[in-house]
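Good morning, everyone, and thank you for making time for this.

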Amino acid sequence: MSSDRRGRVAQARPQGGWGGRHRSCRSDAARRSGTASGSLLALTLFTGCHLERRPPATPADLVLRDGVVWTAEPERPWAQAVAVREGRLVYVGDDAGVERFVGGGTQVVELAGKMVLPGFGDTHAHPLSGGLELGECNLYEARTPAEVEGAIHAYADAHPELPWVRGNGWQLPVFPGANPSRAILDRVVPDRPAFFYAADGHSAWVNSRALALAGITRETPDPPGGRIERDPRTGEPSGTLREAATGLVSRLLPPYTPEARIGAVRRALAEANRFGITSITDADVGAEYLDAYLAVDARNELTARVTVALRDHEDVPLDSMVGLVRAMRDRARLATRVRAGTVKLYADGVLEARTAALLAPYLDRPGDTGPLVYPPEALAERILRFDREGFQVHVHAIGDRAIRVTLDALARARESNPARDARPVLAHIELFDPADLPRFRALGVVASFQPYWAQRDEYISDLTEPALGPARSRWLYPIGSMLASGAVVAGGSDWTVSTLNPLDAIEVAITRHGLNLPTATAWLPEERADLPRMLAAYTINAAWAQHGSLVAGKLADLIVLDRDLFTLPATELHQAKVLLTLLEGRPVWRDSTFAQTLR
Ligand SMILES: [Zn+2]
């Protein structure tokens, strides 16, 4: 069943412009919905419909009707109405058929053409650490020194109880030389130490109290791999620390408490719900993070399903590591919305820092192909073992060599271990040797792209292309080729690295350029994706990657959008807004402009 569904999702190719396709599909669906029953839909995201000329059904709790419902089911993608009872879908079909589910106690929401989709899934993100950031002073949007100062002032005033004022996201260009002075921070936060990471995480800005606590003076030498910025006249530390020098102060920051982590889970999932996300993979989880997720789950207050990818540590021997992840998986056995059956491994680093593992040298570093985290033998041994222990593996692989050796390891696991429904995930997958593309489908590997990165921004033009040259750069983010290969392609954000909004990423996958650039040209246009398959990447294929399809079964995880995505130019997809997010039929997000009051 599963491989069948996977194949069909992957092969559902649109023909021509999606506008025309859309209309014919929808009328097809309306025609056929009267007789369809027990389709694959029934086993996955929506239940099948058995309707018309039947006696009234047990009334539903909630009915959404007069909508544009896209089901993620290639055989029957369109409907008008859904009915939900006890958190489960009991009907998907046309408006006429939903009438028999309307009773005295049923809430009926008239959608007037708004769009309904399955809830989005994000297959690679960092919600807990993102939630911690959200709880601190956030400077990402501040565009002038005055705005930065104002934001810090407001935050410090609102949190007199905090021993440190800490935050994130100051933009390098806001300050001359990307070099903010401690004098500003001393003025705004005179009473406590203050610490602010820059938006790129490679610099930090601190006040005089923080420098004094760390013992940093004009005599302190720069640490290896770091720089203490100094006043050119006096030689005194000026307040900005680069790279390893940030650690001189960050090691003094108070550790996060269990309560802080629990608060971070709630904040992050609320943020995800705003964008219609109902399931998310936390790609870097240790015991403390797992505790936080389980604590919120135990109170039945998780507002999204969470797949936790338990972090493998290369400095821990394999036997010990297996013991650790098995113990964590056992602790999560009774959780309702947390699944802890995944292990996260790193195969390599990142292209921008020349730490991704390549098949040929970086052009700007003769002879250097970048390091693998594990020698291929050791990676294979670890993957083989985790797989044999019943874990799904989720591997960070960015360079073409990292992708190849990981696929080699997965192929060996498949040969050596008993057959099982493993669904391994490769995440990021930025640079390919095209020979490896078909191996994803052949080996049943999920391709978890971060499609927002598939645009020629400065990360590509300044930091990547010069190291690869045009021929190899052709195989950066080949999402279109991967879709054509028939592999399961799933979407992910890597939030807070990039936007959490799936519609932003879906738009970039289709346009291959940045948002709000309607006249821009596509980068590698042959790799453009299309809307139906990108929606599948963020719904049914994400559920597949998260082993959610059977568990989520008929659960009513649904979203309502303010407009029909299939009627929009691709460059406007990111403007669509999620009005309502339902988890098991209950609202976890409702936009203030959405008038319906839901219980
Ligand atoms: Zn990540």
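This is a predicted model: local features need pLDDT of at least 70, side-chain atom pairs count only at pLDDT 80 or more; totals for chains, interfaces and linings use all residues.

Residues are numbered from 1 along each chain as its sequence is written, and side-chain values use heavy atoms, with hydrogens and water left out.

What coordinates the zinc ion? The donors are His124 through NE2, His126 through NE2 and Asp494 through OD, at 2.1 to 2.2 Å; a donor is an N, O or S atom within 2.8 Å of the metal (3.2 Å for Na, K and Ca), and since water is not among the atoms, sites may look incomplete. Along the chain these donors follow the spacing H-x1-H-x367-D. Helices and strands are DSSP runs numbered from the N terminus, where a helix is H or I with at least four residues and a strand is E with at least two. Asp494 counts as buried because its relative accessibility is 7%.

The loop between β21 and α19 also holds Thr496, and a cis peptide bond, with omega about 10 degrees, joins Trp495 and Thr496.

Let me now step back to the whole chain. The protein chain has 22 helices and 24 strands, and of its 599 residues, 57% count as buried. If we take contacts (heavy atoms within 4.5 Å) with a separation of 6 or more, 73% of those in the protein chain are between residues 24 or more positions apart.

Next comes one of the sheets. Six strands form an open sheet in the order β9-β10-β11-β12-β14-β13, and the pairing is mixed; two strands pair if DSSP finds at least two bridges between them. The edges are taken by β9 (137-138) and β13 (226-230), each with a single partner strand, so one side of each is left without a neighbour in the sheet. At the β9 end, two bridges join β9 to β10 (residues 165-170) in the parallel sense, and Cys137 stands opposite Gly167 in β10.

Further into the order, β11 (residues 194-198) and β12 pair in the antiparallel sense over three bridges, and Phe195 has Val206 in β12 as its bridge partner. These two strands make a hairpin with four residues between them, where Gly201 takes a positive phi near 75 degrees. On to β14 (residues 237-243), which runs antiparallel to β12 and is joined to β12 by three bridges; here Ser203 has Arg242 in β14 as its bridge partner.

Which way do the residues of β12 point? In a regular strand the side chains alternate between the two faces of the sheet. In β12 (residues 203-206), Ser203 and Trp205 point one way and Ala204 and Val206 the other, and all are buried.

Now to the interior. A nonpolar core is a set of buried Ala, Val, Leu, Ile, Met, Phe, Trp, Tyr and Cys residues joined through side-chain atoms within 4.5 Å. The largest one has 116 residues, of which Phe386, Leu426, Phe440, Ile506 and Leu565 touch the most other members. Helix α14 (residues 400-416) gives the most to this core, with eight residues. A second, separate core has 19 residues, including Cys137, Ala142, Trp170 and Val189.

Tyr477 has a positive phi near 50 degrees and is found in the loop between α17 (465-473) and α18 (479-485). Leu524 likewise has a positive phi, near 50 degrees, and lies in the loop between α19 and α20 (531-537). Tyr477 is buried at 4% relative accessible area, and Leu524 is buried at 14%.

Note on methods. Buried means under 20% relative accessible area, exposed over 50%, partly exposed in between (1.4 Å probe, protein chains only).
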